[in-house]
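Walk through this model one site at a time. Begin with the rings, then turn to the metal and the helices.

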Amino acid sequence: MAHSLSPLPYAYDALEPHIDAQTMQIHHDKHHQAYVDNLNKALAGTGDEDKSLEELMANISSYAPAVRNNGGGHYNHTLFWNILGNNGSQPTGDLAKAIDEAFGSLDALKEKMSTAGATRFGSGWAWLLVSDGKLVVSSTPNQDNPLMDIAEVQGHPILGIDVWEHAYYLKYQNKRPDYLKAIWNVINWDAVNMRYKAAL
Ligand code: MN
């Protein structure tokens with residue numbers, strides 16, 4: 001099978017107390033694994049088993065909904081695990097400058113992304129992306145993402161926040177805004193800095 005689940009790049013409890021170990025374990029081992037398994041099932045026999053996630057996303061309108069949902073789920077969660085971490089990093093260099101130019105300050109960006117996540121009805125994601133060379137905040141429903149040809153705002157995502165209930169319900173229950181406040185403590189900005197450089 002072409003697609004497989006990478007191990008979480010840190011321990012399940014690495015993001016405590018902001019994101020609890022049990023949530024991380026279920027989220028990665030069960031939810032993400034299911035997206036990978038169902039993506040492989042959806043692609044089996046289509047001739048597109050070896051296409052990269054990026055190739056699938058760029059042409060997602062021509063695939064079955066199962067490829068969109070599970071391919072998006074696989075891409076989004078892979079990104080998510082990699083932009084989280086408890087290393088106290090901050091935006092630096094060109095990214096720090098671009099954030100100030102686009103949003104006024106890092107706090108203003110956090111506010112804008114948290115609002116995008118809080119106001120996404122049902123399940124979805126909040127994104128910081130590079131679109132036409134500029135930093136933009138957007139949100140998508142379900143497992144869609146800005147790489148998809150059907151996305152309202154298209155571009156290269158450098159930071160994504162999962163606002164599905166499975167991402168926060170054990171600890172935060174109905175209080176999605178509290179989760180969206182806490183998650184800023186565990187963003188691995190080193191990884192976002194690198195994604196920004198790669199996206200330009
Ligand atoms: Mn999720």
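Are Phe80 and Trp81 buried or exposed? Both Phe80 and Trp81 are buried (under 20% relative accessible area; exposed is over 50%, partly exposed lies in between, with a 1.4 Å probe and protein chains only).

A word on the source. This is a predicted model, in which local features need pLDDT of at least 70 and side-chain atom pairs count only at pLDDT 80 or more, while totals for chains, interfaces and linings use all residues. Residues are numbered from 1 along each chain as its sequence is written, and side-chain values use heavy atoms, leaving out hydrogens and water.

Back to the rings. The structure holds six aromatic pairs. Rings of Phe, Tyr and Trp (its six-membered ring) pair if their centres lie within 6.5 Å; planes under 30 degrees apart count as stacked, over 60 as edge-to-face and the rest as tilted. Phe80 and Trp81 have ring centres 5.5 Å apart and planes at 50 degrees, so this pair is tilted. Phe80 also pairs with Trp125, edge-to-face, at 5.4 Å centre to centre and 90 degrees between the planes. Phe80 sits in helix α3 (residues 65–82) and Trp125 in strand β1 (residues 124–131), so their pair ties together parts 45 residues apart in sequence. Helices (H or I, at least four residues) and strands (E, at least two) are DSSP runs, numbered from the N terminus. Trp125 is buried, as is Phe80. Ring pairs link Phe80, Trp81, Trp125 and Trp127 into a cluster.

Next, the metal. His27 (NE2), His77 (NE2), Asp162 (OD) and His166 (NE2) coordinate the manganese ion at 1.9 to 2.1 Å. Donors are N, O and S atoms within 2.8 Å of the metal (3.2 Å for Na, K and Ca); water is not among the atoms, so sites may look incomplete. Along the chain, the donors follow the spacing H-x49-H-x84-D-x3-H. His27 lies in helix α1 (residues 21–43) and His166 in the loop between β3 (156–162) and α6 (169–172), so the two tie together parts 139 residues apart in sequence. Both His27 and His166 are buried.

Last, two stops near the chain's start. Ser4 lies in the segment before α1. Ser4 is exposed, with a relative accessible area of 52%. Ser4 and Leu39 are 35 residues apart in sequence and 9.8 Å apart in space, C-alpha to C-alpha.
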